[in-house]
2 protein chains.
Amino acid sequence: MTDNLQQFMATEIPLMENTMYDLVESIAAPESLKEAMLYSLKAGGKRVRPLFVLAVLEHLQVEAKAGYAVGAAVEMIHTYSLIHDDLPSMDNDDFRRGKPTNHKMFGEAHATLAGDALNTLPFGIIARLDHVSAEVKLALINLLSETAGAEGMVGGQVLDIEGEQRQLTLEELIRVHENKTGAIIRFSIEAGALLAGATEQQRQLLVEYAYHIGLAFQIKDDILDIEGTTEELGKTAGKDEASDKSTYPSLLTLAGAKEKLAQHASKALHCLAQIPSDKKYLEDLTDYIVNRNK
Amino acid sequence: MTDNLQQFMATEIPLMENTMYDLVESIAAPESLKEAMLYSLKAGGKRVRPLFVLAVLEHLQVEAKAGYAVGAAVEMIHTYSLIHDDLPSMDNDDFRRGKPTNHKMFGEAHATLAGDALNTLPFGIIARLDHVSAEVKLALINLLSETAGAEGMVGGQVLDIEGEQRQLTLEELIRVHENKTGAIIRFSIEAGALLAGATEQQRQLLVEYAYHIGLAFQIKDDILDIEGTTEELGKTAGKDEASDKSTYPSLLTLAGAKEKLAQHASKALHCLAQIPSDKKYLEDLTDYIVNRNK
């Protein structure tokens with residue numbers, strides 16, 4: 001990771017996190033529910049999605065305080081999906097990021113409801129944003145509903161579950177990931193463009209960038225499942241191979257998956273190069289995603 | 001039920017339902033997911049929440065086509081909550097309205113995800129409404145996020161689960177129901193007021209009406225659990241008493257609960273009387289809720 005990105009993250013992530021925790025702590029809800037919501041929000045993670053929102057704003061050199069709240073909103077959606085994915089009826093995971101999963105801490109009923117609450121809250125957060133026009137707020141809400149729901153993340157999760165039973169084609173695998181992880185990454189990047197008031201040309205380049213970095217992110221995840229250690233990853237390594245899951249390395253070989261990763265990374269950077277900027281955070285974030293070891 | 005209300009329902013419910021089914025059928029999502037979503041949406045029910053949206057519009061004598069989509073949105077939220085409530089980790093119900101519950105038909109993973117998708121979709125539906133101002137859309141989204149989430153329905157569900165372990169006070173029981181069922185009923189009624197462009201005085205009277213009819217609805221449910229038959233209700237009667245659950249009759253006696261019901265019904269009608277209208281649907285709907293046998 002470059003010093004540049006490290007400094008950016010050290011400044012921006014705590015600001016986003018404090019906004020996110022405040023947004024949950026300030027609601028009038030049962031304490032036990034807020035505790036379960038905050039437990040998973042505070043369990044860490046790379047905060048990649050909020051970083052995309054904030055790095056796009058920096059790239060376009062627009063200061064928008066609302067970026068923290070929108071970053072918090074997308075991190076809540078991501079977190080709810082992890083809580084539900086970990087449930088016994090889904091992936092049945094006891095640990096996430098080295099800590100007991102939400103249902104192990106609070107029971108299945110509370111975990112289901114904490115996830116539900118984290119699915120609903122972000123829409124209100126966006127509707128109440130200060131200093132953002134009504135049109136931009138509605139565009140953000142429409143985009144979040146589309147990318148988080150049946151047409152995006154939830155649909156991708158369904159395809160993923162149904163794909164576990166059989167060998168997928170590369171085309172099918174791409175479709176799973178475009179939806180399961182790609183859609184919410186697209187939201188994060190396009191949200192930054194919407195908040196910054198990007199031109200239509202800039203927005204289109206960023207959507208194309210999002211497509212490539214979203215797939216690169218997932219291919220890297222698949223490679224790390226083979227090459228990473230359980231300690232580094234904070235989750236069990238080698239799980240995909242053990243469960244005979246279709247992944248980029250299983251369909252393309254490890255070398256083939258690495259080549260694909262390099263191609264998407266190069267295309268992603270090519271998109272960014274067409275939106276000149278003094279700030280290099282988005283380029284550095286791209287390199288980080290491609291080269292990370294966890 | 002009056003002929004007046006019967007005719008209103010016979011006209012309006014199919015229009016709302018067709019809008020609702022179209023809104024799901026038209027999305028680009030895996031067929032298996034859409035099938036699970038539509039299964040529970042089509043499983044029937046009284047459609048009380050959309051009826052409130054539509055009856056408020058009629059009461060205020062404003063024609064708003066968006067009422068069908070907003071009614072569909074709130075019915076989706078209600079349906080997602082039923083799918084998740086029925087899960088083995090929550091109420092563990094095998095039947096709902098005389099049909100197998102969603103997870104009995106599609107498995108727990110798909111039921112969880114169908115619920116998640118029905119939680120997310122309504123926000124996009126509202127954001128995309130035609131012929132509704134951006135300000136009203138944002139007010140609706142903000143209200144739905146608040147009433148459906150941790151501060152409303154989901155919070156009420158948490159209080160309900162935690163209350164099962166012990167005897168509640170009347171105050172605690174009211175708090176459960178204000179949130180668990182009352183909040184979404186308030187959304188439905190206030191949504192009608194927002195869509196109709198009600199005056200501030202009308203809106204406040206309708207919010208007060210919503211408070212009383214919401215509690216009346218729940219008290220009637222508790223009474224029906226004692227007096228109704230499993231056949232009429234389409235769900236197991238006598239379940240509350242068998243599980244030693246705190247209810248209005250258990251805290252107030254059956255006669256006391258009926259008196260409370262009559263009080264809230266009378267106060268609800270008093271609010272409506274202060275918003276003179278040629279249309280009597282909302283009065284008739286109030287009487288129906290108080291006097292129904294299922």
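Helices here are DSSP runs of H or I with at least four residues, numbered from the N terminus. With that in mind, welcome to this tour of a predicted model.

**Stop 1: a glutamate in chain B**

Select residues 66-85 of chain B, which form helix α4, and pick out Glu75(B) within that helix. Is Glu75(B) buried or exposed? Its relative accessible area is 1%; Glu75(B) counts as buried because this value is under the 20% cut-off.

**Stop 2: a covered helix**

Move on to residues 281-291 of chain B, helix α14, where 9 of the 11 residues are buried. Colour the buried ones to see what they are: among them are Tyr281(B), Leu282(B), Leu285(B), Tyr288(B), Ile289(B) and Val290(B), and also Glu283(B) and Asp284(B). What do the buried residues of α14(B) pack against? Display α1 (3-25), α3 (48-59), α10 (200-227) and α13 (248-273) of chain B, and you have the partners.

**Stop 3: where chain B meets chain A**

Bring both chains into view. The contact involves 45 residues of chain B and 45 residues of chain A. About 3700 Å² is buried between them, with carbon and sulfur atoms giving 69% of that area. On the chain B side, select Leu113(B), Thr120(B) and Leu138(B): these lose the most area to chain A, together 15% of what that side buries.

How many salt bridges are there between chain B and chain A? The count is 0. Polar contacts across this interface, by contrast, link 18 residue pairs, both residues at pLDDT 80 or more.

Next, highlight the helices of chain B that each supply at least two residues to this side: α2 (31-41), α4, α6 (108-127), α7 (134-148) and α8 (153-163). The largest share, 13 residues, comes from α6(B). Coloured by residue class, the side of chain B that touches chain A shows 25 nonpolar, 13 polar and 7 charged residues.

**Stop 4: the nonpolar core**

Finish with the largest nonpolar core, which has 205 residues. Those with the most contacts inside this core are Met37(A), Phe52(A), Met37(B), Phe52(B) and Leu140(B). Helix α9 of chain B (residues 170-196) provides the largest share of the core, 12 residues.

Centre the view on Met37(B). Beyond residues up to four places away in sequence, Met37(B) touches Ala150(A) from chain A, along with Val24(B), Ile27(B), Ala114(B), Ala117(B), Leu118(B) and Leu121(B).

Definitions and conventions
Residues numbered from 1 in each chain as written. Chains lettered and ligands numbered in written order. Predicted model: local features only at pLDDT ≥ 70, side-chain atom pairs only at ≥ 80, totals over all residues. Heavy atoms only, no water. Buried < 20%, exposed > 50% of the residue type's maximum accessible area, 1.4 Å probe, protein only. Contact = heavy atoms within 4.5 Å. Buried area = accessible area lost by both parts, 1.4 Å probe. Salt bridge = Lys/Arg side-chain N within 4 Å of Asp/Glu carboxyl O. Polar contact = N/O pair within 3.5 Å; in protein donor to acceptor, adjacent residues only side chain to side chain. Nonpolar A, V, L, I, M, F, W, Y, C, P; charged D, E, K, R; others polar. Core = buried A, V, L, I, M, F, W, Y, C linked by side-chain atoms within 4.5 Å.
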